[in-house]
Amino acid sequence: MKIKFFGHSCFKIESDYNFIVDPFLESNPIAKYEEDELKNLDYILVTHGHGDHLGDTLNISKKYGATVISNFEIINYLIMKGLEKGHPMHVGGRTTFDFGKLKMTNAIHGSGIIDNNTIIDGGNPGGFLIYIDGKKIYHAGDTGLTKDMELLERENIDIAMIPIGGNFVMDVEDAVLAVKMIKPKRVIPMHYNTWEIINADAISFKNKVESLKVKCEIMNPGDSIEI
Ligand code: NI
Ligand code: MN
């Protein structure tokens with residue numbers, strides 16, 4: 001299985017099925033991807049309604065037929081905007097798909113969708129626990145530090161994508177505490193350095209989590225790793 005980082009919180013997971021999480025691409029100043037990489041997508045996972053996560057979801061789904069999975073409010077919002085293939089879930093819910101299983105996890109954050117100068121209720125924000133090919137991948141979405149993360153320890157997560165940029169989400173200090181609770185085998189920092197307000201020192205995060213015996217992969221937009 002391959003994980004590609006397109007920038008910010010957007011990852012593509014390539015396996016028998018292809019996923020993209022939080023496709024904020026067109027207006028992301030640091031995104032790096034090829035349009036061709038979106039053509040074979042089976043699923044688009046959306047953690048919450050903010051523009052830097054919902055991003056190009058509707059366009060990609062309409063263009064290439066990928067099924068969108070997100071919370072109930074976001075899926076229904078997208079259906080009103082013309083989405084054809086959507087699967088609503090909610091925080092705490094786990095279900096089986098053709099590829100394996102998926103659980104939506106809690107995130108402490110907002111989820112409002114900005115649409116024509118109004119803010120539409122985007123339900124509760126979340127993260128995803130993806131069970132695929134015998135591996136467990138956790139994408140935290142946007143979140144502050146929460147004791148709920150202790151619940152993830154029992155999942156024996158292979159790889160965790162964790163926000164570190166501060167201001168809207170955990171900073172490095174809190175993200176290290178999150179890793180201490182989750183105890184994944186590997187961690188990828190995300191949601192930093194896209195704009196100045198979320199600048200963070202990924203090297204310091206790496207040094208701190210590696211002293212906890214958790215391997216840290218610092219990925220630049222366009223990078224990929226095998227898991
Ligand atoms: Ni957000
Ligand atoms: Mn965000």
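A salt bridge is defined here as a side-chain nitrogen of Lys or Arg within 4 Å of a carboxyl oxygen of Asp or Glu. By this rule the structure holds 14 salt bridges. The model is a predicted one, in which local features need pLDDT of at least 70 and side-chain atom pairs count only at pLDDT 80 or more, while totals for chains, interfaces and linings use all residues. Residues are numbered from 1 along each chain as its sequence is written, chains are lettered from A and ligands numbered from 1 in the order in which they are written, and side-chain values use heavy atoms, with hydrogens and water left out.

View 1. His50 lies in the loop between strand S4 (43–45) and helix H1 (51–54), and His109 in the loop between strand S8 (100–106) and strand S9 (113–115), so the pair ties together parts that are 59 residues apart in sequence. Helices (H or I, at least four residues) and strands (E, at least two) are DSSP runs, numbered from the N terminus. His50 is partly exposed, with a relative accessible area of 24%, and His109 is likewise partly exposed, at 24%. Buried means under 20% relative accessible area, exposed over 50%, and partly exposed in between (1.4 Å probe, protein chains only).

**View 2. The salt bridge of Lys136 and Glu155.** The side chains meet at 3.1 Å, N to O. This pair links distant parts of the chain, with Lys136 in strand S12 (residues 135–139) and Glu155 in the loop between S12 and strand S13 (159–163), 19 residues apart. Lys136 is partly exposed at 21% relative accessibility, whereas Glu155 is buried at 11%.

**View 3. The salt bridge of Lys183 and Glu153.** The closest N and O atoms are 3.8 Å apart. Lys183 sits in the loop between helix H4 (172–182) and strand S14 (186–190), and Glu153 in the loop between S12 and S13, 30 residues apart. Both residues are partly exposed, Lys183 at 48% and Glu153 at 37%.

**View 4. Surroundings of Asp115.** Asp115 belongs to strand S9 and is buried, with a relative accessible area of 11%. Its side chain makes a polar contact with the side chain of Lys81 at 2.8 Å. A polar contact is a pair of N or O atoms within 3.5 Å; within protein, one must be able to donate a hydrogen and the other to accept it, and residues adjacent in sequence count only if both atoms are side-chain atoms. Leaving aside residues up to four places away in sequence, Asp115 touches Tyr77, Lys81 and Ile120, contact meaning heavy atoms within 4.5 Å.
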